[in-house]
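Reader: I have a few questions about the terms used for this model. Please set each one against its definition.

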Amino acid sequence: MLILECPYCGVKAEETELHAGGEAHLKRFGPGSSDDDFHDYLFMRENPKGVHFERWRHINGCGKWFHAARCTMTLEVFGTYSAQTYEPPQDIRDAISAKRPDWSWREFK
Amino acid sequence: MKRYSVFAVAREALRYHSGWERAWRSPAPKRHYDVIIVGAGGHGLATAYYLGKNFGITNVAVIEKGWLGGGNTGRNTTIIRSNYLQDPSAAIYEKARSLYEDMSQDLNYNVMFSPRGVLMLAQTQHEIRGYQRTAHANALQGVETEFVSPQRVKEIVPIINLDGPRYPVLGALWQERGGTARHDAVAWGYARACSNMGMDIIQQCEVTGVRVENGRVAGVDTSKGPIDCDKLGMLVAGNASVLSEMAGFRLPMESVALQALVSEPIKPCMDVVVMANTVHGYMSQSDKGEMVIGGGTDGFNNYTQRGSFHHIEETVRALNETFPMVSRLKMLRQWGGIVDVTGDRSPIISKTPVGNVFVNCGWGTGGFKSIPGSGWGMAELMATGHSSLTESFTIDRFKEGQFIDESVAAGVAH
């Protein structure tokens, strides 16, 4: 069972208390963007076997959105962090590097 | 290959069953093949089989990182139906269903196809309208289905409780010619037939890289050394994203865990497949007497081949309401498989940006029922470059907005 700590209210919530929101740090492409960018924004999701960054919502708790760094192979959670960021903070990246030295995800490593 | 028959059984009975051959060979890989298929599940083996049978291409290797049929082929709930809404889906699923009908004779291998009928319950007003629409669409597509009343449902499934407190049964979509088959036997039967045509099935051989030269595939690197090929077919379900990255392109799909479970065996009590999509549960009874139960997918990306516990609880709770007599059953086993889900819940059977690389993935929660149709179309696509069965299922359909929207028919239950 997946357990994530909500970075806002500090509750360690298991997954029935949470709602998965898909890939994190998406850059939105809308009117005026190229067809390729719009297509990738809508349909091309990262689907790694390993380190993954996601959005989650503490839906049956404080109701706030946050980010989580997780391994899709082992369900190991590297950390959770605020939604108010465009990229994973350094302490989360360090926590991942300590366990998966070769990790990379999109442009981050 | 010695044919299986009643005479073979009689002959072996008289000599202590010492004459049975291995069903397929396990050769070392050759240096070069005309076609390499990655993934020895149902779809990969069916593709190889129809490449040989329909197009005479037999210099084929089927490469598998684990054991044959050990992925989703061995993990599904074996349901076969073709009552889909959109024309391209109905065409390929109906092709598959009709091929299942004489598969045992075709492969000389008993796949135990049992056309016992599939009942999809309508438990909300919205579902009634949806299934009536599907029944009308199926009539136009030549797929035999009908929308039946709650009384008819009770006749077909006497153990059902029509007036559940939360979700009463308001009707159902009934496909009498749907059913189940023995999932392992489908993989084993295709493997035996492929091996008999001279194809090499290479198990425990993991692909570690795809070699591309001048925009075309040159071969694959594997844990058993490099192998060259002219054409490459990728049929690896949940691992399709990983394999496509090796070849240098991306696929619009995500991998999630889907679960199933079986109960202890009981006496025969239900001779059809019942699916209840609103409450996320579906059930049939195996020949051993176990109730085979399938549930929902997890909401997040996952490669662990096990699912979240609360989905089991949801599924079983829903089934208890619809089938009160199963409430005291003990569950024997639970397992998960990694299914590959696309944006419109329809598969991708397509050429790729890399020359002579073909991909067949994205079957999501409904891969088993489509195995022969998928293999038939994929083989035609790989051999000739075009197949009318698969032409709508391209990678580019998302960019062009040509979705094959089956999220209603295939969103959860299968």
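Reader: What makes B:N356 stand out in the hairpin of β17(B) and β18(B)?
Author: B:N356 takes a positive phi near 65° in that hairpin, which has five residues between the strands. This is a predicted model, in which local features need pLDDT of at least 70, side-chain atom pairs count only at pLDDT 80 or more, and totals for chains, interfaces and linings use all residues. Residues are numbered from 1 along each chain as its sequence is written, and chains are lettered from A and ligands numbered from 1 in the order in which they are written.

Reader: How do you know that β17 and β18 of chain B pair?
Author: Pairing requires that DSSP finds at least two bridges between two strands. Strands (E, at least two residues) and helices (H or I, at least four) are DSSP runs, numbered from the N terminus. β17 (residues 348–351) and β18 (residues 357–361) of chain B have four bridges, in the antiparallel sense, so they count as paired. B:I348 stands opposite B:C361 in β18(B).

Reader: Why is α2(B) called oblique to α10(B)?
Author: Their angle is about 55°, with the axes 7 Å apart. Axes are lines fitted to C-alpha atoms, for helices over the stretch in contact, and angles run from 0 to 180 degrees between N-to-C directions. Under 35 degrees is roughly parallel, over 145 roughly antiparallel, 65 to 115 roughly perpendicular and the rest oblique. That angle therefore makes α2(B) oblique to α10(B).
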